[in-house]
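Biologist: I am new to this structure and would like a close look at a single part of it. Please start from the question below and go on from there.

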Amino acid sequence: MTVSYNFAYLDEQSKKMIRRAILKALAIPGFQVPFGGREMPLPYGWGTGGIQLTASVIGPDDQLKVIDQGSDDTVNAISIKHFFQKTAGIAITEDTETATLIQTRHRIPETPLKKGQILVFQVPIPEPLQFIEPKRPQTLKMHGYEEYGSMHVKLYEDIARFGRIATAFDYPVRVHHRYLMSPSPIPKYDNPKLHRSPAVLLFGAGREKRIYAIPPYTDVVSLDFEDYPFELEHWEGACAVCGSTQSFLDEIITDDNGTRVLICSDTEFCRKNAGSSQP
Amino acid sequence: MTPVADLNPPPLLKVAHLCKFFGRHMGCHDISFEVCPGEVIGVVGESGSGKSTLLNCIAGRIRPSNGSVWFRTPDGMEDLCRCDEARMRRIIRTRTGYVTQHASQGLKMHISAGGNIGEKLMAAGTRHYGKIREAALMWLDKVEIDPGRIDDLPSTFSGGMQQRLQIAANLVTAPEILLMDEPTSGLDVSVQARLIDVLRKLVFSLNLSMILVTHDLAVARLLCHRLYVMKQGEIVESGLSDQILDDPRKPYTQLLVSSVLKP
Amino acid sequence: MKDLPMPNTPDTPSWILNLENIEKDFVFHHQQGTRMTVFNGFSHRFYPRKAAILSGPSGSGKSTLLRMIYGTYKTESGHIWITHQGRQVDIAGASPALIYALRRDTIGYVSQFLRVVPRVSALDTVIEPLLARGVPQNEAADAGRALLERLHIPSTMWHLSATTFSGGEQQRINLARGFIAPYPILLLDEPTASLDLKNRETVIQLITEALNNNTCVIGVFHDPSDHRSFADQVIDLSTQPCQETLPS
């Protein structure tokens, strides 16, 4: 550990400010709380929001897991892990079950989360209404007065164009039957995992400088139509590595002839699953 | 056009002593009038006379500096300038429509024609795709747009079609009053004639009220039962359309009427 | 709105229209404020089943009087009492809603020229007054077709906009629109001016039928031979003060 930095890089005053924003966000589930985002030593779009949240809530006893698209070993995940090893001397784990704090980009782990765990999402565009109304003062009012009907326009456009709701990720949800929320670009496959999750779910948008949260055991409902209900995607086949049919699968092209295989997006889950299914 | 109205209908909308100042500049001053169900009111005057400011105040888009905009709701007459903003937005959203001069401001150009018509329905709580689709098709037909174009973007439509689409998108939730800011300017005359024809039919069949802001007196005569002539933020003369256009009294109205080219 | 109870004295003949001391000035603000006085205390009563013809030289106020009765021209002072659905109302100073009702149910007006609305068919133009009274579309259309036929408009033209019609054809559409619905008071401003003999006869027939149907007809006719057969009274407006004054 380098002594020239405060624990977990951020100074204590900044952490306090961010923690206050987190508390407010937890108190108003799904509401976007503005916060004084700090400059972090990585570019916007690489998780500056998530990393500030993690830095504010992490303690010396935490076990940190970082995933990117479900993977524990991509560049983004590894550099964030290195960052916290360097600045906080923190224990790193890949095990979802033993991790106390998980920072993620674009996925929720397949292994069910537990009470006491914190999941930190990296969010590029926090405003779900941006597609309908680009003006921030207007979206504020729409949130304030619960004018969310037009959000269905996006889903309508999907059905009109593709015959079904084609939105596959960043699928809008209502939190605690009140605020409309963007679940960050997780696949809609993960949306049901938000519903009444025992874990604390925190969302940080670094560029937009906003924090929002879902406290444990909160109702989270995906938008849909009566005649086009919310549906999960299905795959024709199982994971080529572990054989799972109960997880989110990525399609991978393995050679120049376009041969495709399906593989679990959650690498840790896949490894465990493969280990347990093979004698 | 032949107006439909009872002898003493209660007003749908009542504007009382409405004022709007932009700093020291007066947008409109001490404007009072009533609109009855099924009545089409024209506000005429040259650019900068405060017509659009007045319309925007009624539409809740600008907060008036003073005065009231009473709107008849099932709960009685409500002053949009006094009730809380959530209530005001609800009344505006469900009971009025607003057609802008430029369709690009009133429509979402990156959303299909059907989506534009459906938006107000969805905002009002409709959650059934099939029903939204059905309503969109019906309204396209009513405003004389080929229902086959339901999934096309408004940007692929002509100016006249965009204006008619805007009208359909506003009327789908059956508002009682349509506010229109120069809907026909910028369209060539044959396209304009079609728009006017569509509007006339809709007003007649839906017993719709309208406030039409225009500087085109020919359009005003064809569509409006009554006219208000505005100059420098104030109403200088008002009356039935034929009274204003055939027997103008005030110097400004006489100037306005005599300045029109007659083909 | 100024309402008066219907007078019930038996010796008062039941007029339908009563002009009481009406005055009318036109002030032209952009022509040095020239004031033109057309009526200065004119009074007259009109009765159902009677045809009153307005005569006088051009500019004596014939059309002006018709337009004042119709409410298009505002009346400076005096009253224009009209018996409307059993009540007497004053159109000078009436509320807009009352004027709409008067024009829908009580006063018909055939102007000199048809105000053509683009894209609206001749038949729809004709039947609009019936639809405004709530007559069903098909019933109104039947009546419209019958009337257009009487006025010798070929059926091929019924569904065309009157925009391209000749002056005589437009005038016949205008007449059909005026006669389609019965009115207690019918104002006619040179209705026969651009018609041939055959159609003039039809119009005279229509006027006679309206009179027999209790209508009070007030008309301006270019050619006295047109109204000879039915006129009950000729009112000469040339004795009226019609003067221009410049402000001193």
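How many residues of domain 1 of chain A are in contact with domain 2 of chain A, and how many of domain 2 do they touch?

Modeller: The model is predicted. In it, 14 residues of domain 1 of chain A are in contact with seven residues of domain 2 of chain A. The side of domain 1 that touches domain 2 is made up of six charged, five polar and three nonpolar residues. As for the bounds, domain 1 of chain A covers 12-222 and domain 2 covers 234-279. Their C-alpha centres are 26 Å apart.

The nonpolar cores also involve chain A. In general, nonpolar side chains tend to be buried together in soluble globular proteins. The largest nonpolar core here has 204 residues, and among those that touch the most other members are Leu202(A) and Ala213(A), along with Ile211(B) and Leu187(C). Helix H3 of chain C, residues 122-132, supplies the largest share of this core, seven residues. Another core, of seven residues, lies apart from it and includes Tyr189(A), Phe248(A), Leu249(A) and Cys264(A).

Beyond its neighbours within four places in sequence, Ile211(B) is in contact with Val35(B), Ile41(B), Val43(B), Leu55(B), Ile58(B), Ile177(B) and Leu179(B).

For a contact between chains, 24 residues of chain B are in contact with 20 residues of chain C. The side of chain B that touches chain C has 11 nonpolar, seven charged and six polar residues.

How values were computed
Residues numbered from 1 in each chain as written. Chains lettered and ligands numbered in written order. Predicted model: local features only at pLDDT ≥ 70, side-chain atom pairs only at ≥ 80, totals over all residues. Domains from an automatic or database assignment. Contact = placed C-beta atoms within 7 Å. Nonpolar A, V, L, I, M, F, W, Y, C, P; charged D, E, K, R; others polar. Core = buried A, V, L, I, M, F, W, Y, C linked by C-beta atoms within 7 Å. Buried ≥ 20, exposed ≤ 12 C-beta atoms within 10 Å, placed from the backbone. Helix = DSSP H or I, 4+ residues; strand = E, 2+ residues; numbered from the N terminus.
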